[in-house]
Amino acid sequence: MEGSPTGTTVMRMTAFDADDPATDNALLRYNIRQQTPDRPSPNMFYIDPEKGDIVTVVPPALLDRETLENPKYELIIEAQDMAGLDVGLTGTATATIMIDDKNDHSPKFTKKEFQATVEEGAVGVIVNLTVEDKDDPTTGAWRAAYTIINGNPGQSFEIHTNPQTNEGMLSVVKPLDYEISAFHTLLIKVENEDPLVPDVSYGPSSTATVHITVLDVNEGPVFHPDPMMVTKQEHISVGSVLLTVNATDPDSLQHQTIRYSVYKDPAGWLNINPINGTVDTTAVLDRESPFVHNSVYTALFLAIDSGNPPATGTGTLLITLEDVNDNAPFIYPTVAEVCDDAKNLSVVILGASDKDLHPNTDPFKFEIHKPTVPDKVWKISKINNTHALVSLLQNLNKANYHLPIMVTDSGKPPMTNITDLRVQVCSCKNSKVDCNTAGAPHFSTTAVLLLSFFSLARL
(Lines give C-alpha, C1' and ligand atoms only; values in the text may rest on other atoms or scores of the structure.)
Protein backbone atom coordinates (compact mmCIF):
# COMPACT_ATOMS: atom_id res chain seq x y z
CA MET A 1 0.00 0.00 0.00
CA GLU A 2 1.24 3.49 -0.80
CA GLY A 3 2.40 5.49 2.21
CA SER A 4 3.35 2.33 4.12
CA PRO A 5 5.71 2.91 7.08
CA THR A 6 9.41 2.20 6.73
CA GLY A 7 10.11 -1.46 7.43
CA THR A 8 6.82 -2.77 6.09
CA THR A 9 7.19 -6.38 4.90
CA VAL A 10 6.26 -6.70 1.24
CA MET A 11 6.85 -10.38 0.48
CA ARG A 12 9.14 -13.32 1.27
CA MET A 13 11.42 -14.90 -1.33
CA THR A 14 12.28 -18.56 -0.91
CA ALA A 15 14.96 -20.48 -2.82
CA PHE A 16 15.73 -24.22 -2.68
CA ASP A 17 19.07 -26.00 -3.01
CA ALA A 18 19.28 -29.71 -3.75
CA ASP A 19 22.57 -30.14 -1.86
CA ASP A 20 22.85 -31.56 1.65
CA PRO A 21 21.03 -29.07 3.88
CA ALA A 22 23.46 -29.90 6.71
CA THR A 23 26.36 -28.39 4.75
CA ASP A 24 27.24 -24.94 3.50
CA ASN A 25 26.49 -26.23 0.02
CA ALA A 26 22.82 -25.50 0.77
CA LEU A 27 23.27 -22.54 3.12
CA LEU A 28 21.60 -19.68 1.21
CA ARG A 29 21.91 -15.92 1.40
CA TYR A 30 19.70 -13.40 -0.45
CA ASN A 31 20.46 -10.00 -1.96
CA ILE A 32 18.90 -7.51 -4.38
CA ARG A 33 20.91 -7.36 -7.59
CA GLN A 34 18.81 -4.76 -9.44
CA GLN A 35 15.76 -2.46 -8.94
CA THR A 36 13.73 -1.18 -11.90
CA PRO A 37 12.89 1.70 -11.98
CA ASP A 38 15.55 3.24 -9.76
CA ARG A 39 13.54 6.38 -8.86
CA PRO A 40 12.79 8.15 -6.60
CA SER A 41 15.51 6.10 -4.83
CA PRO A 42 17.70 3.29 -6.15
CA ASN A 43 17.21 1.51 -2.82
CA MET A 44 13.47 1.45 -2.22
CA PHE A 45 13.57 -2.01 -0.69
CA TYR A 46 15.81 -4.26 1.43
CA ILE A 47 15.89 -8.06 1.62
CA ASP A 48 16.81 -9.95 4.77
CA PRO A 49 19.81 -12.03 3.60
CA GLU A 50 18.85 -15.06 5.69
CA LYS A 51 15.03 -15.05 5.72
CA GLY A 52 14.40 -13.60 2.26
CA ASP A 53 11.89 -11.01 3.55
CA ILE A 54 11.62 -7.91 1.38
CA VAL A 55 10.80 -4.74 3.34
CA THR A 56 10.46 -1.04 2.56
CA VAL A 57 13.40 1.19 3.51
CA VAL A 58 12.25 4.63 2.28
CA PRO A 59 10.04 7.12 4.14
CA PRO A 60 6.27 6.79 3.57
CA ALA A 61 6.24 10.03 1.56
CA LEU A 62 8.32 8.41 -1.19
CA LEU A 63 5.73 5.63 -1.57
CA ASP A 64 3.20 8.05 -3.08
CA ARG A 65 1.47 6.29 -5.93
CA GLU A 66 0.33 9.55 -7.51
CA THR A 67 3.90 10.94 -7.78
CA LEU A 68 5.66 7.76 -8.90
CA GLU A 69 6.54 7.44 -12.56
CA ASN A 70 5.47 3.82 -12.42
CA PRO A 71 3.72 2.14 -9.50
CA LYS A 72 5.31 -1.21 -10.42
CA TYR A 73 8.83 -2.18 -9.29
CA GLU A 74 10.75 -5.22 -10.44
CA LEU A 75 13.58 -6.55 -8.22
CA ILE A 76 16.08 -9.15 -9.42
CA ILE A 77 16.75 -11.25 -6.35
CA GLU A 78 19.85 -13.42 -6.14
CA ALA A 79 20.15 -16.45 -3.88
CA GLN A 80 23.72 -17.74 -3.31
CA ASP A 81 24.79 -20.88 -1.46
CA MET A 82 28.00 -21.32 0.56
CA ALA A 83 26.52 -18.62 2.88
CA GLY A 84 26.97 -16.01 0.19
CA LEU A 85 30.72 -16.49 -0.36
CA ASP A 86 32.02 -15.70 -3.82
CA VAL A 87 32.66 -19.39 -4.43
CA GLY A 88 28.98 -20.15 -4.00
CA LEU A 89 26.52 -20.96 -6.77
CA THR A 90 23.70 -18.53 -7.51
CA GLY A 91 20.14 -18.51 -8.78
CA THR A 92 17.96 -15.49 -9.58
CA ALA A 93 14.27 -14.68 -9.67
CA THR A 94 12.21 -11.53 -10.26
CA ALA A 95 10.02 -10.04 -7.54
CA THR A 96 7.30 -7.76 -8.89
CA ILE A 97 5.97 -5.23 -6.39
CA MET A 98 2.86 -3.09 -7.11
CA ILE A 99 2.37 0.09 -5.10
CA ASP A 100 -1.34 -0.16 -4.33
CA ASP A 101 -3.60 2.84 -4.09
CA LYS A 102 -5.33 4.11 -0.99
CA ASN A 103 -7.84 6.91 -0.78
CA ASP A 104 -5.48 9.74 0.07
CA HIS A 105 -6.98 12.26 -2.38
CA SER A 106 -10.51 13.59 -2.08
CA PRO A 107 -12.52 14.31 -5.24
CA LYS A 108 -12.75 17.98 -6.22
CA PHE A 109 -15.28 19.70 -8.44
CA THR A 110 -13.71 21.36 -11.46
CA LYS A 111 -15.92 24.41 -10.86
CA LYS A 112 -17.60 25.88 -7.82
CA GLU A 113 -20.78 26.68 -9.77
CA PHE A 114 -22.62 24.94 -12.60
CA GLN A 115 -25.50 26.30 -14.72
CA ALA A 116 -28.44 24.37 -16.19
CA THR A 117 -31.70 25.15 -17.98
CA VAL A 118 -34.77 22.94 -18.29
CA GLU A 119 -38.22 23.37 -19.80
CA GLU A 120 -41.07 23.06 -17.37
CA GLY A 121 -42.74 19.68 -17.61
CA ALA A 122 -39.57 17.99 -18.92
CA VAL A 123 -37.60 15.23 -17.22
CA GLY A 124 -34.13 13.79 -17.79
CA VAL A 125 -30.47 14.74 -17.38
CA ILE A 126 -29.93 18.52 -17.40
CA VAL A 127 -26.20 18.87 -16.57
CA ASN A 128 -23.09 16.74 -16.00
CA LEU A 129 -20.96 17.75 -13.02
CA THR A 130 -17.22 17.15 -13.50
CA VAL A 131 -14.74 16.24 -10.76
CA GLU A 132 -11.03 15.44 -10.50
CA ASP A 133 -9.52 12.69 -8.34
CA LYS A 134 -5.86 11.66 -8.37
CA ASP A 135 -6.49 8.17 -7.05
CA ASP A 136 -6.51 5.00 -9.15
CA PRO A 137 -9.48 5.11 -11.60
CA THR A 138 -10.06 1.39 -11.17
CA THR A 139 -10.76 1.60 -7.45
CA GLY A 140 -13.37 2.85 -5.04
CA ALA A 141 -10.85 5.51 -4.00
CA TRP A 142 -11.56 7.22 -7.34
CA ARG A 143 -15.21 6.41 -8.00
CA ALA A 144 -17.46 9.30 -6.98
CA ALA A 145 -20.73 9.27 -5.10
CA TYR A 146 -22.87 12.42 -5.32
CA THR A 147 -25.46 13.69 -2.86
CA ILE A 148 -27.87 16.64 -3.08
CA ILE A 149 -27.58 18.19 0.37
CA ASN A 150 -29.76 21.28 -0.08
CA GLY A 151 -32.38 22.78 -2.41
CA ASN A 152 -34.41 19.64 -3.20
CA PRO A 153 -37.33 19.56 -0.73
CA GLY A 154 -39.79 18.24 -3.30
CA GLN A 155 -37.40 15.49 -4.48
CA SER A 156 -37.67 16.83 -8.02
CA PHE A 157 -33.98 16.17 -8.70
CA GLU A 158 -31.75 13.10 -8.55
CA ILE A 159 -28.05 12.67 -9.23
CA HIS A 160 -26.24 9.52 -10.36
CA THR A 161 -22.63 8.75 -11.21
CA ASN A 162 -21.58 8.04 -14.78
CA PRO A 163 -19.42 4.91 -14.29
CA GLN A 164 -17.25 5.68 -17.33
CA THR A 165 -16.48 9.35 -16.71
CA ASN A 166 -17.12 9.67 -12.94
CA GLU A 167 -19.31 12.69 -13.72
CA GLY A 168 -22.40 13.44 -11.72
CA MET A 169 -25.50 13.29 -13.94
CA LEU A 170 -28.09 15.65 -12.46
CA SER A 171 -31.63 14.79 -13.58
CA VAL A 172 -35.13 16.17 -13.21
CA VAL A 173 -37.36 13.30 -12.10
CA LYS A 174 -40.50 15.28 -11.24
CA PRO A 175 -41.57 17.89 -13.81
CA LEU A 176 -40.94 21.48 -12.69
CA ASP A 177 -43.58 24.20 -12.80
CA TYR A 178 -42.43 27.60 -14.04
CA GLU A 179 -45.42 29.26 -12.42
CA ILE A 180 -44.39 27.95 -9.00
CA SER A 181 -40.65 28.63 -9.26
CA ALA A 182 -38.55 29.75 -12.23
CA PHE A 183 -35.22 29.16 -10.44
CA HIS A 184 -33.73 26.41 -8.29
CA THR A 185 -30.38 26.29 -6.49
CA LEU A 186 -28.89 22.97 -5.41
CA LEU A 187 -25.89 22.30 -3.19
CA ILE A 188 -24.20 19.03 -4.14
CA LYS A 189 -21.52 17.06 -2.30
CA VAL A 190 -19.15 14.50 -3.82
CA GLU A 191 -17.39 11.71 -1.90
CA ASN A 192 -15.60 8.51 -2.80
CA GLU A 193 -17.03 5.04 -2.47
CA ASP A 194 -14.11 4.13 -0.19
CA PRO A 195 -13.41 6.12 2.99
CA LEU A 196 -10.54 8.59 3.01
CA VAL A 197 -7.38 7.82 4.98
CA PRO A 198 -7.43 9.41 8.45
CA ASP A 199 -5.14 12.32 7.63
CA VAL A 200 -7.17 13.40 4.55
CA SER A 201 -10.59 15.10 4.63
CA TYR A 202 -13.17 16.47 2.23
CA GLY A 203 -12.59 20.16 1.67
CA PRO A 204 -14.61 23.04 0.18
CA SER A 205 -13.82 21.81 -3.33
CA SER A 206 -15.89 18.68 -2.64
CA THR A 207 -19.10 20.73 -2.83
CA ALA A 208 -20.54 22.74 -5.71
CA THR A 209 -23.63 24.83 -6.41
CA VAL A 210 -25.93 24.23 -9.39
CA HIS A 211 -28.16 27.09 -10.59
CA ILE A 212 -31.17 25.82 -12.57
CA THR A 213 -33.35 28.07 -14.73
CA VAL A 214 -36.84 26.79 -15.60
CA LEU A 215 -38.08 27.86 -19.05
CA ASP A 216 -41.75 28.68 -19.46
CA VAL A 217 -43.71 26.39 -21.79
CA ASN A 218 -47.29 26.76 -22.97
CA GLU A 219 -49.04 24.02 -21.04
CA GLY A 220 -52.35 22.47 -21.96
CA PRO A 221 -55.49 23.33 -19.98
CA VAL A 222 -56.48 20.99 -17.16
CA PHE A 223 -60.03 19.74 -16.56
CA HIS A 224 -61.43 19.83 -13.02
CA PRO A 225 -62.33 17.22 -12.00
CA ASP A 226 -60.97 14.55 -14.31
CA PRO A 227 -62.76 12.29 -14.88
CA MET A 228 -66.07 14.17 -14.74
CA MET A 229 -69.05 12.01 -13.70
CA VAL A 230 -72.79 12.45 -14.09
CA THR A 231 -75.76 10.12 -13.65
CA LYS A 232 -78.80 10.39 -15.96
CA GLN A 233 -81.75 8.23 -16.93
CA GLU A 234 -81.52 6.74 -20.38
CA HIS A 235 -83.97 8.15 -22.93
CA ILE A 236 -83.86 11.68 -21.54
CA SER A 237 -85.07 14.17 -24.11
CA VAL A 238 -82.73 15.36 -26.85
CA GLY A 239 -81.15 18.68 -25.95
CA SER A 240 -80.98 17.93 -22.22
CA VAL A 241 -78.03 19.56 -20.45
CA LEU A 242 -75.75 17.03 -18.77
CA LEU A 243 -73.19 19.33 -17.14
CA THR A 244 -70.84 22.25 -17.73
CA VAL A 245 -67.18 21.26 -17.90
CA ASN A 246 -64.46 23.39 -16.36
CA ALA A 247 -60.83 23.63 -17.50
CA THR A 248 -58.17 26.05 -16.30
CA ASP A 249 -54.88 27.09 -17.90
CA PRO A 250 -51.78 26.36 -15.77
CA ASP A 251 -50.02 29.29 -17.46
CA SER A 252 -51.35 31.68 -14.86
CA LEU A 253 -48.84 34.38 -15.82
CA GLN A 254 -50.29 34.50 -19.33
CA HIS A 255 -53.75 35.71 -20.22
CA GLN A 256 -55.21 33.05 -22.49
CA THR A 257 -58.70 32.00 -23.47
CA ILE A 258 -59.97 28.41 -23.67
CA ARG A 259 -62.26 26.81 -26.25
CA TYR A 260 -63.88 23.39 -25.93
CA SER A 261 -64.61 20.66 -28.47
CA VAL A 262 -65.70 17.01 -28.58
CA TYR A 263 -62.76 14.64 -29.02
CA LYS A 264 -64.32 11.17 -28.78
CA ASP A 265 -68.07 10.55 -28.69
CA PRO A 266 -68.42 6.94 -29.93
CA ALA A 267 -72.24 7.00 -30.30
CA GLY A 268 -72.51 10.61 -31.47
CA TRP A 269 -74.79 11.57 -28.58
CA LEU A 270 -73.17 14.76 -27.26
CA ASN A 271 -72.47 18.39 -28.09
CA ILE A 272 -70.37 20.94 -26.20
CA ASN A 273 -70.59 24.70 -26.27
CA PRO A 274 -67.10 25.84 -27.36
CA ILE A 275 -67.22 28.97 -25.17
CA ASN A 276 -68.80 28.01 -21.84
CA GLY A 277 -68.31 24.21 -21.92
CA THR A 278 -71.99 23.23 -21.52
CA VAL A 279 -72.57 19.62 -22.64
CA ASP A 280 -76.01 18.62 -23.93
CA THR A 281 -77.48 15.65 -25.83
CA THR A 282 -77.98 15.46 -29.58
CA ALA A 283 -79.58 11.99 -29.57
CA VAL A 284 -81.38 9.60 -27.24
CA LEU A 285 -79.11 7.99 -24.66
CA ASP A 286 -79.54 4.22 -24.65
CA ARG A 287 -78.12 2.14 -21.81
CA GLU A 288 -78.35 -0.99 -23.95
CA SER A 289 -76.17 0.53 -26.71
CA PRO A 290 -72.98 -1.41 -27.62
CA PHE A 291 -71.07 1.79 -26.81
CA VAL A 292 -72.16 1.57 -23.17
CA HIS A 293 -70.18 -0.69 -20.83
CA ASN A 294 -71.50 -1.64 -17.40
CA SER A 295 -74.09 1.15 -17.73
CA VAL A 296 -71.33 3.76 -18.26
CA TYR A 297 -70.82 5.79 -21.44
CA THR A 298 -67.38 7.37 -21.89
CA ALA A 299 -66.68 10.52 -23.90
CA LEU A 300 -63.56 12.68 -24.24
CA PHE A 301 -63.40 16.46 -24.62
CA LEU A 302 -60.63 18.87 -25.57
CA ALA A 303 -59.79 22.23 -24.03
CA ILE A 304 -57.58 24.33 -26.33
CA ASP A 305 -55.88 27.52 -25.19
CA SER A 306 -55.00 30.56 -27.30
CA GLY A 307 -51.22 30.21 -26.94
CA ASN A 308 -48.79 30.21 -29.85
CA PRO A 309 -48.68 27.37 -30.63
CA PRO A 310 -51.92 26.44 -28.84
CA ALA A 311 -51.82 23.73 -26.19
CA THR A 312 -54.50 21.10 -25.64
CA GLY A 313 -55.81 19.30 -22.57
CA THR A 314 -58.06 16.23 -22.55
CA GLY A 315 -60.89 15.52 -20.13
CA THR A 316 -62.95 12.36 -19.64
CA LEU A 317 -66.71 12.36 -19.05
CA LEU A 318 -68.31 9.24 -17.53
CA ILE A 319 -72.11 9.14 -17.89
CA THR A 320 -73.81 6.53 -15.72
CA LEU A 321 -77.13 5.67 -17.37
CA GLU A 322 -79.99 4.59 -15.14
CA ASP A 323 -82.21 1.90 -16.63
CA VAL A 324 -85.78 2.41 -17.77
CA ASN A 325 -88.02 -0.40 -18.97
CA ASP A 326 -87.53 0.10 -22.70
CA ASN A 327 -86.87 -3.50 -23.78
CA ALA A 328 -89.43 -6.28 -24.00
CA PRO A 329 -88.27 -9.75 -22.93
CA PHE A 330 -87.68 -12.48 -25.51
CA ILE A 331 -87.94 -16.27 -25.28
CA TYR A 332 -85.59 -19.06 -26.26
CA PRO A 333 -85.61 -21.51 -27.91
CA THR A 334 -88.18 -20.81 -30.62
CA VAL A 335 -88.22 -24.32 -32.12
CA ALA A 336 -89.11 -27.61 -30.42
CA GLU A 337 -89.79 -31.25 -31.36
CA VAL A 338 -92.22 -33.82 -29.89
CA CYS A 339 -93.27 -37.33 -30.93
CA ASP A 340 -96.79 -37.82 -32.22
CA ASP A 341 -97.31 -40.78 -29.88
CA ALA A 342 -95.25 -39.51 -26.93
CA LYS A 343 -96.38 -40.66 -23.52
CA ASN A 344 -94.62 -37.67 -21.93
CA LEU A 345 -96.39 -34.68 -23.43
CA SER A 346 -93.78 -32.16 -22.27
CA VAL A 347 -92.67 -30.18 -25.30
CA VAL A 348 -89.94 -27.74 -24.27
CA ILE A 349 -88.60 -25.66 -21.40
CA LEU A 350 -88.64 -22.01 -22.40
CA GLY A 351 -86.31 -19.40 -20.97
CA ALA A 352 -86.71 -15.65 -21.14
CA SER A 353 -84.18 -12.83 -21.11
CA ASP A 354 -84.34 -9.05 -21.01
CA LYS A 355 -81.70 -6.41 -21.87
CA ASP A 356 -82.90 -4.20 -19.04
CA LEU A 357 -81.80 -4.33 -15.41
CA HIS A 358 -83.71 -5.28 -12.29
CA PRO A 359 -86.44 -4.50 -11.43
CA ASN A 360 -87.33 -4.23 -15.12
CA THR A 361 -86.58 -7.88 -15.92
CA ASP A 362 -87.68 -11.07 -14.12
CA PRO A 363 -89.77 -12.53 -12.70
CA PHE A 364 -91.30 -13.08 -16.12
CA LYS A 365 -94.90 -14.04 -16.77
CA PHE A 366 -95.38 -16.73 -19.48
CA GLU A 367 -98.74 -17.16 -21.21
CA ILE A 368 -100.19 -18.69 -24.35
CA HIS A 369 -101.75 -15.97 -26.46
CA LYS A 370 -105.25 -17.42 -26.12
CA PRO A 371 -107.17 -15.30 -28.64
CA THR A 372 -105.56 -17.41 -31.38
CA VAL A 373 -105.13 -20.74 -29.60
CA PRO A 374 -107.85 -23.08 -28.30
CA ASP A 375 -107.91 -24.31 -24.74
CA LYS A 376 -107.27 -27.94 -23.77
CA VAL A 377 -104.52 -28.54 -26.36
CA TRP A 378 -101.52 -26.62 -25.01
CA LYS A 379 -100.46 -25.84 -21.49
CA ILE A 380 -97.70 -23.59 -20.10
CA SER A 381 -96.47 -23.92 -16.50
CA LYS A 382 -94.09 -21.71 -14.55
CA ILE A 383 -90.85 -23.35 -13.40
CA ASN A 384 -89.12 -20.36 -11.84
CA ASN A 385 -88.74 -16.61 -12.40
CA THR A 386 -87.09 -17.06 -15.80
CA HIS A 387 -88.33 -20.42 -17.18
CA ALA A 388 -91.59 -22.17 -18.04
CA LEU A 389 -92.62 -25.58 -19.38
CA VAL A 390 -94.72 -25.94 -22.52
CA SER A 391 -96.63 -29.22 -22.73
CA LEU A 392 -99.46 -30.86 -24.69
CA LEU A 393 -102.72 -32.01 -23.21
CA GLN A 394 -103.15 -34.57 -26.00
CA ASN A 395 -101.15 -36.06 -28.84
CA LEU A 396 -101.16 -34.25 -32.18
CA ASN A 397 -100.74 -35.45 -35.72
CA LYS A 398 -97.38 -35.09 -37.43
CA ALA A 399 -97.07 -31.51 -38.62
CA ASN A 400 -95.59 -28.11 -37.78
CA TYR A 401 -97.55 -26.04 -35.26
CA HIS A 402 -97.07 -22.39 -34.39
CA LEU A 403 -97.80 -21.51 -30.79
CA PRO A 404 -97.78 -17.80 -29.88
CA ILE A 405 -96.04 -17.33 -26.52
CA MET A 406 -96.57 -14.08 -24.65
CA VAL A 407 -93.91 -13.13 -22.07
CA THR A 408 -94.15 -10.07 -19.81
CA ASP A 409 -91.45 -8.51 -17.62
CA SER A 410 -91.82 -6.96 -14.15
CA GLY A 411 -91.21 -3.34 -15.14
CA LYS A 412 -93.56 -0.50 -14.31
CA PRO A 413 -95.20 -0.27 -16.71
CA PRO A 414 -94.42 -3.80 -17.90
CA MET A 415 -93.43 -4.69 -21.46
CA THR A 416 -94.76 -7.71 -23.36
CA ASN A 417 -93.48 -9.63 -26.33
CA ILE A 418 -95.30 -12.29 -28.37
CA THR A 419 -93.12 -14.84 -30.16
CA ASP A 420 -94.16 -17.84 -32.25
CA LEU A 421 -92.86 -21.13 -30.88
CA ARG A 422 -92.60 -23.56 -33.80
CA VAL A 423 -93.38 -27.08 -32.57
CA GLN A 424 -92.54 -29.96 -34.90
CA VAL A 425 -94.64 -33.05 -34.20
CA CYS A 426 -92.56 -35.94 -35.52
CA SER A 427 -93.08 -39.61 -36.20
CA CYS A 428 -91.02 -41.69 -33.77
CA LYS A 429 -91.12 -45.39 -34.70
CA ASN A 430 -88.51 -48.07 -34.16
CA SER A 431 -86.15 -45.57 -32.53
CA LYS A 432 -86.23 -43.44 -35.69
CA VAL A 433 -87.39 -39.83 -35.51
CA ASP A 434 -88.94 -38.48 -38.71
CA CYS A 435 -89.77 -34.80 -38.68
CA ASN A 436 -90.08 -34.54 -42.46
CA THR A 437 -93.48 -32.93 -43.03
CA ALA A 438 -93.54 -33.58 -46.77
CA GLY A 439 -96.91 -35.14 -47.61
CA ALA A 440 -98.20 -34.32 -44.18
CA PRO A 441 -100.70 -31.56 -43.68
CA HIS A 442 -99.16 -28.13 -42.82
CA PHE A 443 -101.41 -26.21 -40.52
CA SER A 444 -101.68 -22.50 -40.35
CA THR A 445 -102.85 -20.99 -37.09
CA THR A 446 -106.44 -21.26 -38.31
CA ALA A 447 -105.96 -24.90 -39.24
CA VAL A 448 -104.48 -25.61 -35.83
CA LEU A 449 -107.53 -24.02 -34.26
CA LEU A 450 -109.90 -26.13 -36.37
CA LEU A 451 -107.93 -29.30 -35.65
CA SER A 452 -107.98 -28.53 -31.98
CA PHE A 453 -111.70 -27.81 -32.16
CA PHE A 454 -112.47 -31.19 -33.83
CA SER A 455 -110.16 -32.99 -31.43
CA LEU A 456 -111.94 -31.44 -28.50
CA ALA A 457 -115.33 -32.29 -30.04
CA ARG A 458 -114.38 -35.99 -30.03
CA LEU A 459 -113.40 -35.89 -26.35
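I will go through the domains, some strands, the disulfides and a few single residues.

Two ground rules before we start. This is a predicted model, so I use local features only at pLDDT of at least 70 and side-chain atom pairs only at pLDDT 80 or more, while totals for chains, interfaces and linings use all residues. Residues are numbered from 1 along each chain as its sequence is written, and side-chain values use heavy atoms, with hydrogens and water left out.

Start with the domains. The assignment gives domain 1 (8-98), domain 2 (108-215), domain 3 (222-322) and domain 4 (330-434). Those bounds come from an automatic or database domain assignment. Between the C-alpha centres of domain 2 and domain 3 there are 45 Å.

Now the strands. Helices (H or I, at least four residues) and strands (E, at least two) are DSSP runs, numbered from the N terminus. Two strands pair if DSSP finds at least two bridges between them.

Look for an open sheet of 4 strands. Its order is E8-E15-E14-E11, and the pairing is mixed. Which strands sit at the edges? They are E8 (113-119) and E11 (144-150), and each pairs on one side only. From one strand to the next, the twist averages 30°. For that angle, axes are lines fitted to C-alpha atoms, for helices over the stretch in contact, and angles run from 0 to 180 degrees between N-to-C directions.

E14 (residues 183-192) and E15 (residues 207-215) run antiparallel, joined by 7 bridges. Take Lys 189: its bridge partner in E15 is Thr 207.

Next, a hairpin. E12 (residues 157-161) pairs with E13 (residues 168-172) in the antiparallel sense, over 5 bridges. Phe 157 has Val 172 as its bridge partner in E13. There are 6 residues between E12 and E13, and Asn 166 in the turn has a positive phi of about 70°.

On to the disulfides. A disulfide here is a pair of cysteine sulfur atoms within 2.5 Å. How many does a search of the whole structure find? It finds 2.

One joins Cys 339 to Cys 428, with 2.0 Å from S to S. Cys 339 lies in strand E26 (residues 335-339) and Cys 428 in strand E32 (residues 416-429), so this pair ties together parts that are 89 residues apart in sequence. The torsion about the S-S bond of Cys 339 and Cys 428 is about -85°, so the disulfide is left-handed.

Cys 426 and Cys 435 are also joined by a disulfide, at 1.9 Å from S to S. This link is right-handed, with 100° about the S-S bond. Number the bonded cysteines in sequence order, and the pairing reads 1-3, 2-4.

Cys 339 counts as partly exposed because its relative accessibility is 26%. Cys 428 is at 17%, so it counts as buried. Cys 426 is at 1%, so Cys 426 counts as buried too.

Two terms first. Contact means heavy atoms within 4.5 Å. A polar contact is a pair of N or O atoms within 3.5 Å; within protein, one must be able to donate a hydrogen and the other to accept it, and residues adjacent in sequence count only if both atoms are side-chain atoms.

First up, Asp 323. It lies in the loop between strand E24 (312-322) and strand E25 (330-332). Its relative accessibility is 17%, so Asp 323 counts as buried. What does its side chain reach at 2.7 Å? That is the backbone nitrogen of Leu 357. The side chain of Asp 323 also makes a polar contact with the side chain of Asn 360, at 3.2 Å. Leaving out residues up to four places away in sequence, Asp 323 touches several others, including Glu 234, Arg 287 and Asp 356.

Next, Val 292. Find it in the loop between strand E22 (278-281) and strand E23 (296-305). Val 292 is buried because its relative accessible area is 9%. Beyond four places in sequence, its contacts include Trp 269, Tyr 297 and Leu 321.

Last, Ser 41. It lies in the loop between strand E2 (29-36) and strand E3 (45-47). A polar atom of its side chain lies 3.2 Å from the backbone nitrogen of Asn 43.

Technical notes: Buried < 20%, exposed > 50% of the residue type's maximum accessible area, 1.4 Å probe, protein only.
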